[in-house]
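Morning, everyone. Please look at the model on the screen, and I will walk you through it.

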Amino acid sequence: MSGNGTGIGASVKRKEDARFLTGRGRYTDDINLPGQLYGYILRSGMAHAKIGAVHTDAARAAPGVHAVFTGKDMEGVGGIPTGWLIHSKDGSPMVEPGHPALAIDKVRYVGDCVAIVVAETAEQARSAANLIDVEREELQAVASIEAAEADGAPLVFDEAPGNVCYDWEVGDRAATDAAFDAADHVVSIDVVNNRLIPNAIEPRAAIANYDPATGDYTLYTTSQNPHLVRLLLGAFVLGLPEHKLRIVAPDVGGGFGSKIPHYAEEAILTWTAGQLGRPVKWTCERLDAFKSDTHGRDHISTAKLALDADGHFLGLHVTTKANLGAYLSTFATCVPTYLYGILFAGPYTTPAVYCEVKSFFTNTVPVDALRGAGRPEATYLLERLVDKAAVELGMDRVEIRRKNFIREFPYQTPVALQYDHGDYDATLDLALKAADWAGFEGRRAEAAARGKRRGIGISTFIEACGIAPSAVVGSLGARAGLYESGSVRVHPTGSVSVFTGTHSHGQGHETTFAQIVSDMLGVDFDAVDVVHGDSAKIPFGMGTYGSRSLAVGGTAIYLAVEKVIEKGKKIAAHLLEASAEDIEFENGSFTVAGTDRSKTLGEVALTAYVPHNYPEGLEPGLEETAFYDPLNFTFPAGTHIAEVEVDPETGEVELVAVTGADDVGRIINPMIVDGQLHGGLAHGIGQALLEECVYQDDGQLETGSYMNYTMPRAADLPSFNINHNTTLCTHNPLGAKGVGEVGSIGVPPAVINAVIDALRPLGVNDMSMPATSQRVWQAIQRANG
Amino acid sequence: MPTVTMTVNGMERSGTVEGRTLLVDFLREHLGLTGTHVGCDTSQCGACVVHVNGSSVKSCTSLAVQADGADVTTIEGLANGADLHPMQEAFREHHGLQCGFCTPGMVMSAVDLANRNADPSEHEVREWLEGNLCRCTGYHNIVKAVQAGARAMGGGS
């Protein structure tokens, strides 16, 4: 690895930017197909209702309308599947009710798809939808975990008694109970992890086309994982063979997990295009996005930590209730289980950990992955609890963490994971120094002189990323492998096309992956292009989520490049009349070791495609594909510190400073990595201070637009102080760990710990997310009695 | 249905629209200028910001007929041929964009700020961007880009 100006480790400016900055990006809604019609999805305005006849005659007769389809029309089509089977404590499989793309007999959340109207224009389709008359019998809704588990609660699904999907556990309960029996101190905490709405700025959209001449379907869709959509839509919903279904996810305007799932609208559009033999386009309006994009988080937990007299952690017991919403979305069931419970060792040597999670159906939007997906929920609980333990034992918040850090690797946690490597002291020390932790009391006093309450909070955390080893996740219930693919095609004159199964929707893969390939092959950065997002072009891949793209997808590309080099050595050896074992490859040249006899990659590539003088038995061409199945999760880790000032008169929290010290493994492009951290921090700060999805008891979404769901804006945030201490992942050749979710995992507890630190002198010892001025002011008033 | 005529990115463009047609739909659907994006329907996100007679305007909140006779600039009209506008260049240099969806609105809004304030402080930039949402960047690099772009513009576009 040369580390040159565009190589691994350089802050190369992004290839993507030229089109995005000039308005030449190509997002799904920018695409129009000849003869295209427009679809409008009629959604349920009731959270829970029986539906009888759906009268569509008036809509069908409206101007421009070509068709109206309801659940009855799609009745023979498969339901929307879920991707992960969870088993309960007693070994029974989770309750897995059907999810018809268009509701049949019953609607289960405000936003549930009821009908599609297809017309010449989007306006005509929307207007005609108003003419549809749905016979409904409203049922009592369960819009929260509390409502779902209440005695006699209405059932979202008759087959799910108590609205329970599963009652899962991980860890050794007996060993954990024994740890509590032996403890000198037990500290407990109750926390709510607030429900969030993802809000990628590009709303979802799709265009489906069907070519009756070939029987080919094409779906353009806003997806983080086009092949996953093809697999689910083709094999499970519509029964289409893969070679007749092409999924294109072009430029996608942010995902954050909300564009992982295979959505009902994708199935409805594709099926409708098949019925009509014409392209049908649908673009989600933002108000509909609020009530149809999968939501995130929504946990209620109670936990207790057992400690010895010196503050060593002996055991951790976590009991969580999770809201899955009205249907099981693609990764919904694994988020509060295998992406959550297995994180509870954190960076600590707690020898006994037990976590149980009961998940509920409710009459709310389906809940699925959102930036961090399970790991922010675990980290928030653990880091709040550790802070509380420090206070109750009279220990320093930093020292209690340091006292319990894991320092010997590999480390087998009591909750399944084996950490390969890390240095938690290093990121802690780096963060404390960068945040001037030691000087904080001076700043607190200075703020107090101005009438402000200043607080500082810390979070030391680990995450499990780079998902995931297929055999491991398969044994845990995943219905797909989680490897990744990469192809490297060296063209005859030496330029390179790279094909990846990952998908870039802001992460800059076109730049980062090109850096890796140009560095390894010694070709110009500008001679390498990265292709992604089109199932007709790329090898089968699993897409982008779980901070997996570099660690898993990048490794696949790395391995494909190695294969290219190995083949190139054979060709060069032939041309140089040497043995392939004697050929060395460096800086784009194949050289006979110890000589100055060499061939460039371009010469070798040309020979591969014009094989007039060529090794006997070797295939022409210079293109290789690698599938990489990771050996383990990767474990980014770090320390985040937040500093706040609270106005005790108004309860307003000002976030004064945010410092991160992160170990994300090998950094290919520092500029892009820092950008990922910034975005994750903003998302985590949004959860801690601003964002909260609120449902009314009847299942109406109270925070259903940007008018009343508080997105972080520029003035809500400070600039971030980002620092790195890198240790390499030991089990992939790049040493990569992952960075996309770090901020949203690490920072929320740091922010809330800071708010509590600021308010503790006023008698406030607890705070829920988001710490809005209203909530903070009320807490201060309550403490004042 | 009314006919509107306006100068868009230096060229006179006309079209027949409905009275309710939004400026953003006229630009995207009638003129094929898809660089201007729609991210919400409540005038909150700012992905649709264009310039009308030199001032930044949310084109999802303006009717096409309101822009009749106006001089409209979209993100497609900002660069000078192959040369990026200084604000575009600053966004590239400072990694002020990730997925690119909010970017056209951010850049157009930033150019308007720079035309009014050649050297905005971090605080002034953050306050100015009140009407533009970004979910990717945490605004950190956008703020740096806007400050650098404003300085590079030297008090004019």
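First, a term: a residue is buried if 20 or more other C-beta atoms lie within 10 Å of its own, exposed if 12 or fewer, and partly exposed in between, with C-beta atoms placed from the backbone. By that count, 59% of the 157 residues of chain B are buried.

Some ground rules. This is a predicted model, where local features need pLDDT of at least 70, side-chain atom pairs count only at pLDDT 80 or more, and totals for chains, interfaces and linings use all residues. Residues are numbered from 1 along each chain as its sequence is written, while chains are lettered from A and ligands numbered from 1 in the order in which they are written.

Stay with chain B. What is the order of its elements from the N terminus on? The run is β-β-α-β-β-β-α-α-α-α. Helices (H or I, at least four residues) and strands (E, at least two) are DSSP runs, numbered from the N terminus.

Now chain A. An automatic or database assignment sets the domain bounds. Domain 1 covers 17-24 + 483-628, domain 2 covers 35-139 + 202-253 + 259-290, and domain 3 covers 299-468 + 632-784. Over C-alpha atoms, the centres of domains 1 and 2 of chain A are 39 Å apart.
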